[in-house]
Amino acid sequence: MTTLVWFRQDLRTSDHDALLDACARGAVVPVFIWYPNSEGRWPIGGAQRWWLHHSLLRLAEDLKSRGSRLVIRTGDPAVELASVARACAAKRVVCSRRYEPAAMADEERITEVLQKSGVELCRIGSNLLFDPFVIRTQTGTAYKVFTPFWRACLTRPAPEAPRQAPATIPAPATWPAGLEVDALQLLPEIPWDAGLQQMWIPGEASARARLLAFVAGPIGQYSLQRDIPGAHGTSMLGAHLHFGELSPREAWHAVQHAIRGRAGEFTANAEKFRAELGWREFGAHVLANFPRTAEDPLRIDFRKFPWRSNAVELRAWQRGRTGYPIVDAGMRQLLHTGWMHNRVRMVVGSFLVKHLRMDWMHGARWFWDTLVDADLASNTLGWQWAGGCGADAAPYFRIFNPMTQGKKFDPEGAYVKRWVPELAGVPAEYIHAPWEAPPLALAMSGVTLGETYPYPIVDHAKARAAALQALSAVSGKSVTASDDV
């Protein structure tokens, strides 16, 4: 019997439940279908298109080494899966479950269409550790706060050990027609991806190498180093996990193996990282159970929040020209590499929704197009956290001070000077507030505010006061706050 394996966000051959199930039954036809409409209002962004191109190339190479090949099609998956099934007389399609609202709806629609052709769609496994519809509070509802959610996850049986990739994948007697990866035209017409090429190697082999390097080194100092944007203290596995090049079970058990025989500080740091895998699970849990939150605040009172609209200021934020060095460094790192340090993501998010008082959706859309690790659940959770309107969100009145954040987490300005090179000569004591530097110090650094580097586009104290006033108008009571330190 021939089975189709429909690849989507599971671009690997190891620890792939659907693939292994198909291999145990007979001939296998791996299929990838390019159809952005399946993602609803969130079609894949530019940086992720670049990643997907290279990830598909790696997957095709891997399948070829195992005696198989990747059949690539474009168009409605319901139509194309039925077409491929007819071409090889398959009566069964297997895939990994997805939990984004549009993907879930599409799976149901495709199931019905395939049934009419006598083909069964089976969803086996997923790209998560825990089923988001199984984890429940004592009253049977979905969680809205991370800590009890993660505690509930940890009371369940531990994730199974990852399974090895099949040495060989049984091939069908004849192969259906398919396209080459280049035919999908995923790469930008005007090259802007040099930074991505310098920083990333998509694919399962690279994902595993990055994971092993992380658990062999940086994970031991994770609790501290994860907040230092100038250090290599994070795993940087987000895109590999999103595209399914790395199974979350493999990540979980790599940490478990590293912990074995060790205790104390190392174990605490390793568990801190594993809790970050938990936040990924929590994001999926919230989006799956509250699907409207992809574009609607979980806290519905924020629907009436008086957001501002200013195209000039939004553009300055997007391009890293706000006049606040830590914000600009993060936004420029994002544009160049398709990635931004997590601490800085919180700072730039707070700046957009509180200093500029712009709708969090502006940030969510920009990150969606520019991040290689843009995941709808995590992106939504992060931006609603920044906006104070989501699950387990930072209160809106918790307003990050960009100068304080810079001094605390980038005290010598190494991160800022890396990504805002026009400030490279500014003394460390002024690097996060160059407008406070004596004129002579700026002149000696080659900086002319308003020319070589912009003045702040908003005043911090005034912007904070305006944000609190706006929140007071929504809540109906006076709101005060102190800067984040």
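This is a predicted model: local features need pLDDT of at least 70, side-chain atom pairs count only at pLDDT 80 or more; totals for chains, interfaces and linings use all residues.
View 1. Strands of a sheet pair through backbone hydrogen bonds, and the pairing may be parallel or antiparallel.

**View 2. A closer look at the pairing of S1 with S2.** Strand S1, residues 3–7, and strand S2, residues 28–34, run parallel and are joined by five bridges. Which residue of S2 does Val5 stand opposite? The residue opposite Val5 is Pro30.

**View 3. The whole chain, for orientation, contains 20 helices and seven strands.** With a radius of gyration of 24 Å, close to the 23 Å that the globule rule gives for 485 residues, the chain is as compact as a globular protein of that length. The C-alpha trace spans about 75 × 50 × 50 Å along its principal axes. Of the 485 residues, 58% count as buried, and the accessible surface of the chain comes to about 20,300 Å², with 54% of it belonging to carbon and sulfur atoms. Among the contacts in the chain with a separation of 6 or more, 79% are accounted for by residues 24 or more positions apart.

**View 4. Phe214 and Tyr222 form one of the 27 aromatic pairs counted in the chain.** The ring centres of Phe214 and Tyr222 are 5.9 Å apart and the ring planes stand at 85°, which is over the 60 degrees required, so the pair is edge-to-face. Both Phe214 and Tyr222 are buried.

**View 5. Phe302 and Tyr396 form a tilted aromatic pair that links distant parts of the chain.** The rings of Phe302 and Tyr396 are 6.1 Å apart from centre to centre, with 55° between their planes. Phe302 belongs to the loop between helix H11 (265–289) and helix H12 (311–319), whereas Tyr396 belongs to the loop between helix H16 (376–387) and strand S6 (399–400), and the two residues are 94 residues apart. Are these two residues buried or exposed? Phe302 is buried, and Tyr396 is buried as well.

**View 6. Ring pairs join aromatic residues into a cluster.** The residues linked in this way are Phe130, Tyr143, Phe146, Phe149, Trp150, Trp252, Trp279 and Phe282.

**View 7. Pro202 is a buried residue in a loop between two helices.** The loop that holds Pro202 lies between helix H6 (194–199) and helix H7 (204–216). Pro202 has a relative accessibility of 3% and therefore counts as buried, the limit being under 20%. When residues up to four places away in sequence are not counted, Pro202 touches Trp50, Trp51, His54, Ser55, Arg58, His240 and Glu245. The C-alpha atom of Pro202 is separated by 28 Å from that of Ala78, a residue 124 residues apart from Pro202 along the chain.

Note on methods. Residues are numbered from 1 along each chain as its sequence is written. Side-chain values use heavy atoms; hydrogens and water are left out. Two strands pair if DSSP finds at least two bridges between them. Helices (H or I, at least four residues) and strands (E, at least two) are DSSP runs, numbered from the N terminus. The radius of gyration is taken over C-alpha atoms; the globule rule is 2.2 Å times the number of residues to the power 0.38. Buried means under 20% relative accessible area, exposed over 50%, partly exposed in between (1.4 Å probe, protein chains only). Contact means heavy atoms within 4.5 Å. Accessible areas come from the Shrake-Rupley method with a 1.4 Å probe; for residues, only the protein chains shown count as cover. Rings of Phe, Tyr and Trp (its six-membered ring) pair if their centres lie within 6.5 Å; planes under 30 degrees apart count as stacked, over 60 as edge-to-face and the rest as tilted.
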